[in-house]
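Subject: Structure for you to look at

Hello,

I am passing on the structure we talked about, with some notes for a first reading. Please open it alongside this message.

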Amino acid sequence: MLAFVLRRVSSAVLVMFSISVLVFLIFFATPGVDPAARIAGRSATPQIIAQVRHAFGLDRALPIRYGIMMDHLFFKQDLSSYVNIGAKVVPQILQAAPITISLVLGASVLWLLVGIAGGIVAAANRGKFIDPLIMFLGIAAISVPAYWLGEVVNLITQGGLHHSIFSWVPSSGYVSIFQNPFEWGLHLLFPWLTLASLYAGIYARVLRAELVNALNEDYVRTARAKGLSERRILIRHAFRCSLISIVSLFGLDFGALIGGAALLTEVVFGLPGVGLLTYSSLQNLDLPVIMGCVMYGAFFVVLANAVVDIGYAFLDPRVRVA
Amino acid sequence: MAGLGVLIFIVTICLLAPIYAHNIAHTNPFASNIQGSTFINGKRVMLLQQNTQGLGFGVTPIGPTWNFSHYFLGADDQGRDVFARLLYGGRSSLLIGTASALLCCIVASILGLIAGYFGGPIDWLLSRVFDIIWAFPIYLLAISLSVVLLTSGLNIGPLHIGAGSLFLPILIIAAVFIPYVARPLRGLTMSLREREFIQAAIGSGSSDLRILWKEILPNAAPSVIVFFPLMVAFNMLTESALSFLSIGVQPPAASWGTIINDGLGLLYTRPWVALAPGIMIAITAVSLNILGDGARDAFDPKAKLRGSI
Amino acid sequence: MKKFRLMRIVGAFAATLLVGSSAVTSSVPASADSSSFTYQPSHAGGTLKLLASTAGGTLDPQVNYTLQYWQLFQASYDGLLSFHKVSGQSSFDVVPDLATALPIVSNGGKTYTFTLRKGIKFSNGAPVTVNDVKASLERLFKVSNPNAGSWYAGIVGATACLATPATCTLSGVVVDPSTNKVVINLTTPDAEFADQLATPFGSVLPATAPSKDSGTTPIPGTGAYYFKSYNPNTKLVMLRNPNFKVWSAAAQPQGYPDEIDQVFSNTPESEVTMVENNQANFVFDPLPSDRLSQLSSKYANQLHVNTLTAIWYMPMNVNIAPFNNKLAREAVNYAIDKNAAVKIFGGSKLASPVCTILPPGFPGHVDSCPFQTPAGSTYSGPDLAKAKALVKQSGTSGAAVAIVATNDTVNAAVAQYAASVLNQIGYKATVKLLSANIQFNYIQNTKNKVQISLTQWYQDYPQASDFLKILLSCSQFHPGSDNSINISGFCNKSIDAEMATASTDMISNPTAGNALWSKIDQAIQGGNAVWAPLFTPKQIDFVSSGTGNYQFSKEFYMYVDQLWVK
């Protein structure tokens, strides 16, 4: 176990290092992105721009600049934004993290429940009407652009029907759970539903396919021959082995979303989470914040995948974990 | 069969887009037509209508006429025929969506199977590559690339890639989703590897390649077939994000993704502009899905024997 | 997705060299109007909630160059001088603020003498002294204020400060604590110096303020409000300054709300909805086009429209093909339908077509539309046939042209329309959409070989030089630099000489000066078709039903501190 953990930690460091180098190189390889001119402001003279360049260490060689930035980010922990001078990157991310975690946790509970239930129902009733119906709904939900869905939800809940059916829906924004748990849930209700609907369909679809596959296996034939009920076969035997794909997907999705991939949902519902922070730093080409957010996201991706790999061993004891 | 039929229908009407635009709707879907007009119920109507109520702010394009001879789905904010653009857009979207999904599934299958089967250092390396790809900020790359392409274009050897090239979005989108398909397949392969019939094959001296090709792949194939239409839908949506950042389809050319982008600015007044391409993406994905199910059932020997659907 | 980043470009007033030394006794326009807002205590109180989709950068008033925060600085900081806090044309006048009166200008316009008021305190309780005034002026150089090298470079000792800002001691600023006098010496007379001191850059800050950009840490000020907290991702909070007493309502009036918040991270669509539902008071971002119809029908009495002296235009690069050919530039002017651009912006109630460089209502503006058939004083429409003929005549047919614009909805739409038109007249036009953060510097740098672009220019002072001299003179063209605001690259020595004459004339004989500026406008646009001017926009402000007392300043736009929430 220890060897496994050590291996995974070194993997995480390697992955984060590679990504940080790539981000750094891409940023400075982009034409027209000279941070000094933009920090100095409009109509700044070349003298002023040179002063700013020196103050930010932008006149040093690329590897040195990289080293300085990583030093400030991880060791001195005082890396600050190019755009919002004085706003430190790490505290910004730590403030935004609980919001994203709240959003993703709630949504993932919903989509797992709906997706797994949908997949089981569809597989149990394969061939009947409800099977293609669930599949159709699921795929239609995936095909909807996240931003569009969020805007439409807002249009309905905040716009025309706000004064009648949806008057209980609060305005966009976030309320901390420590401040008021009820408001926290209420503000997050529609973001949860929106985000969950984008993923539930995939899980239902994949689970159904895996279940149908599993139901054709020999051990299922044996179980049927033994006289077990169809439902028992489904839940206790086929289901466990079908979960591998679901667990893999969930690891990828959860890891990415915690790291900030839910940005469009956060943007539409005005939730200042890590996704929104990443999005605005990309728009502003604010390298320190981009770097911080990317490192944060990469960490969770690696962590989630490590957890998933451990999970394989529980789901299918025959699997040797790498 | 229904799936195949719907798919063929969609592809056909999209391929026939020029004929529709020219002969039926008599419109140029790529030229701006801000001051243009059309006839509805015999009356001449401006395509972009100034608001006359209240303070008189705002200009709104006409809504759907539900008449195939012109502006079936209404006009967009440049006064262009949305339905004609939808058909043209289908060509770009179907091309990008299916090509990138195909590329992604093929590469991901190979990598996922190899990683899951061989384990050890190969698996470790490939898993790290997957982690890097999956955690990578694709939008940073996209913004950077877009500026490079718009300013000077990219030169890789003899190839010159300009801003409107469809190569780049296909490659980028395919690469981004490789981990999404590869990791579940890897997990599946790891599970299959321990099964008795694989152990038997190994014991009987079959080469790894033969085992992968003859034993593992056919068992993993159904999963890949399930993923493929899902990937097509995802990719068409990702394409819209990349087009917004100026990679891929450039204005005035259209794709379902760019029409969605246009439609977001008209959501409160003309929701059909954003709705129609989303519906097209959904129908394409569903029919591919049904087609995939049928294909898998046709080729999967166990399914046939059991007589299940 | 779409993000609006508002940058108001303040004209970079290079020290205007006056030809010949005239004995100028006062170059500060005397403010004859000392009127001010009448304070009504019954409406005081409550919290004002402003919405902006993104934060506006640093809270340092000597660094921040955005209207978003200048709107807040005008209520929280004061300089020796300030703009008149009233509505209407007088809001452009300069009035004394921390100074007891307008300065005494002597020594041929090179010496400004102020007397500092007694008894004013910063929000941290410390009194305002003449040492703070001197330290604030020196701080401009220490924090690398964007205009330190232009507006304030004329102060004696500025050259040394620009070279070594860290040890800046402006020898030209002499203060005497016993008499409370502040004397500022300039190297040459500068007609715009008073205005430059009146902007937030001229704020008087405590001498203990940090010598670098303070960023997210607020600096104490003397205004009616102070900044309590600032989180660029969530919100900014301003509270009433407990140490504030009104000393001049014309310069810094009492405010009504007890607290002013600016809340970030919502989309413009959500923001409009929140104001509609009276969950917030005001939206700073431009209103989304698809909400305009609904707003103007259902919420007409909550919309306020004000004319701006600003312009949307397409500068053409006169140094590279195909627009180094005058006929090609004229063809573009004939071809583009300014009314179509107005439609894209939101209709004729929100913008008006413009054919000259100086917008209507601007001193020096003359109605003249030369590039239409027939030429006249008001815009009549495009002439595609003539445009096509001109393109053929010019020999530039078939040339590939790329229009560089920002990727927000309206700019992208106007650029697409223009490309479509250029295709019709014989070019192969495409659109290059870049994010607003990149585009503005990109189109200025000649290395990028931008042929034509779409951009805007907003002015701060009703001075023709702010448009003509800043945007079209040789000294504003810096090849190879990201800051070369003469985007067209137009440089004509004889027209430059006329600009110098006009600047001189403005001091002694404004009528003659403005007439000369008109001539220069005609020469550049009518004679050389350097730009394709499109339209001048209006400012639309949307306030909630629970918000009262909307007042508009031509300098700072809506007065946030004068709004009633009770």
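Predicted model: local features only at pLDDT ≥ 70, side-chain atom pairs only at ≥ 80, totals over all residues.

Interface of chain B and chain A

On the chain B side, 58 residues are in contact with 63 residues of chain A. The size of an interface is often given as the accessible area lost when the parts come together. Here the area buried between the two chains is about 5,600 Å², and carbon and sulfur atoms give 67% of that area.

The rule finds 2 salt bridges across this interface. One of the pairs joined by a salt bridge is A:Asp309 and B:Arg183, with 3.1 Å between the closest N and O atoms. Several helices of chain B each supply at least two residues to the side that touches chain A, among them H6 (167-193), H8 (208-244) and H10 (272-299). The residues on that side of chain B comprise 36 nonpolar, 9 polar and 13 charged.

Helix H8 of chain C

Helix H8 of chain C runs over residues 338-345 and is mostly covered, with 7 of its 8 residues buried. The buried residues include C:Lys338, C:Lys343 and C:Phe345. At the start of this helix, a side-chain oxygen of C:Asp337 comes to within 3.0 Å of the backbone nitrogen of C:Asn339. After the helix comes C:Gly346, which has a positive phi, near 140°.

Regards

Note on methods:
Residues numbered from 1 in each chain as written. Chains lettered and ligands numbered in written order. Heavy atoms only, no water. Contact = heavy atoms within 4.5 Å. Buried area = accessible area lost by both parts, 1.4 Å probe. Salt bridge = Lys/Arg side-chain N within 4 Å of Asp/Glu carboxyl O. Helix = DSSP H or I, 4+ residues; strand = E, 2+ residues; numbered from the N terminus. Nonpolar A, V, L, I, M, F, W, Y, C, P; charged D, E, K, R; others polar. Buried < 20%, exposed > 50% of the residue type's maximum accessible area, 1.4 Å probe, protein only. Polar contact = N/O pair within 3.5 Å; in protein donor to acceptor, adjacent residues only side chain to side chain.
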